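Subject: Structure handover and notes

Dear colleague,

I am passing on the structure that follows, together with my notes on what was found in it. Please read the notes with the coordinates open beside them.

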Amino acid sequence: MVLRDFEDRLERLVEGMFARAFRTGLQPVEIARRLVKEVDANRALDARSRRVAPNRFVVHLAPADHERFVKIQDSLVGELRAVVREHATEEGFRFLGPVRLNLTEDADSTVGMFR
């Protein structure tokens with residue numbers, strides 16, 4: 001657990017450094033990668049010892065990134081949910097309900113960064 005926390009902090013530091021240095025907009029593949037990582041990091045066992053994965057996600061985006069995705073938001077959300085479901089199936093995880101994902105604007109986020 002301590003090692004994973006350290007790795008997560010280090011990853012955010014490096015990602016943040018590059019995002020600030022290059023000021024590029026966020027790419028959908030970056031969101032997909034993080035969602036897969038969140039599924040793996042937050043899996044659990046249910047009462048019957050079945051492996052379950054989280055099924056609710058909220059992605060906080062910088063205003064400029066959010067604006068870029070607004071026009072394609074429905075299809076992007078659909079694709080990201082499909083990535084989560086596909087990964088869970090490959091790993092033998094179940095969901096306790098439908099996969100829900102929201103993209104929301106976060107004024108405190110920097111372009112290219114999200115949480």
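The notes below go from the chain as a whole to its helices, its core and a few single residues.

This is a predicted model, in which local features need pLDDT of at least 70 and side-chain atom pairs count only at pLDDT 80 or more, while totals for chains, interfaces and linings use all residues. Residues are numbered from 1 along each chain as its sequence is written, and side-chain values use heavy atoms, with hydrogens and water left out.

The protein chain holds four helices and four strands, where helices (H or I, at least four residues) and strands (E, at least two) are DSSP runs numbered from the N terminus. Read along the sequence, they follow the pattern α-α-β-β-β-α-α-β. Of the 115 residues, 30% count as buried, a term that stands for under 20% relative accessible area, with exposed meaning over 50% and partly exposed the range in between (1.4 Å probe, protein chains only). Among contacts (heavy atoms within 4.5 Å) between residues at least 6 apart in sequence, 79% join residues at least 24 apart.

Helix α4 covers residues 73–91, and its 19 residues should span 27 Å at 1.5 Å a residue, which agrees with the 27 Å between its end C-alpha atoms; the expected span is 1.5 Å times one less than the number of residues. Its buried residues are Leu76, Val77, Leu80, Val84, His87 and Ala88. Seen down the axis of α4, these fall within an arc of 110°, so they line one face of the helix, the arc being that of the directions from the helix axis to the C-beta atoms. They pack against α2 (28–41), β3 (56–61), α3 (63–70) and β4 (100–105), whereas the face of α4 turned away from its buried side carries the exposed residues Asp74, Glu79, Glu86, Thr89 and Glu90. Just after α4, Gly92 takes a positive phi of about 80°.

In helix α3 the buried residues are Asp65, His66 and Phe69. They cover an arc of only 100° around the axis, which puts them on the same side of α3. The buried residues of α3 pack against α2, β3, α4 and β4.

The largest nonpolar core has 20 residues, of which Ile31, Leu35 and Leu61 touch the most other members; such a core is a set of buried Ala, Val, Leu, Ile, Met, Phe, Trp, Tyr and Cys residues joined through side-chain atoms within 4.5 Å. At least two residues of this core come from each of α2, β3, α4 and β4, and the largest share, five residues, is supplied by α4. Leaving aside neighbours within four places in sequence, Ile31 is in contact with Leu26, Val59, Leu61, Phe69, Leu80 and Phe114.

Two charges sit over rings, a term used if NZ of Lys or CZ of Arg is within 6 Å of the ring centre and within 35 degrees of the ring normal. The charged end of Arg34 is over the ring of Phe114, 4.5 Å from its centre, and Arg68 lies over the face of Phe69, at 5.0 Å from the ring centre.

Finally, His87 of α4 counts as buried at 11% relative accessibility, and, setting aside its neighbours within four places in sequence, His87 is in contact with Val36, Val39 and Asp40. Lys37, in helix α2, counts as partly exposed at 29% relative accessibility.

Best regards
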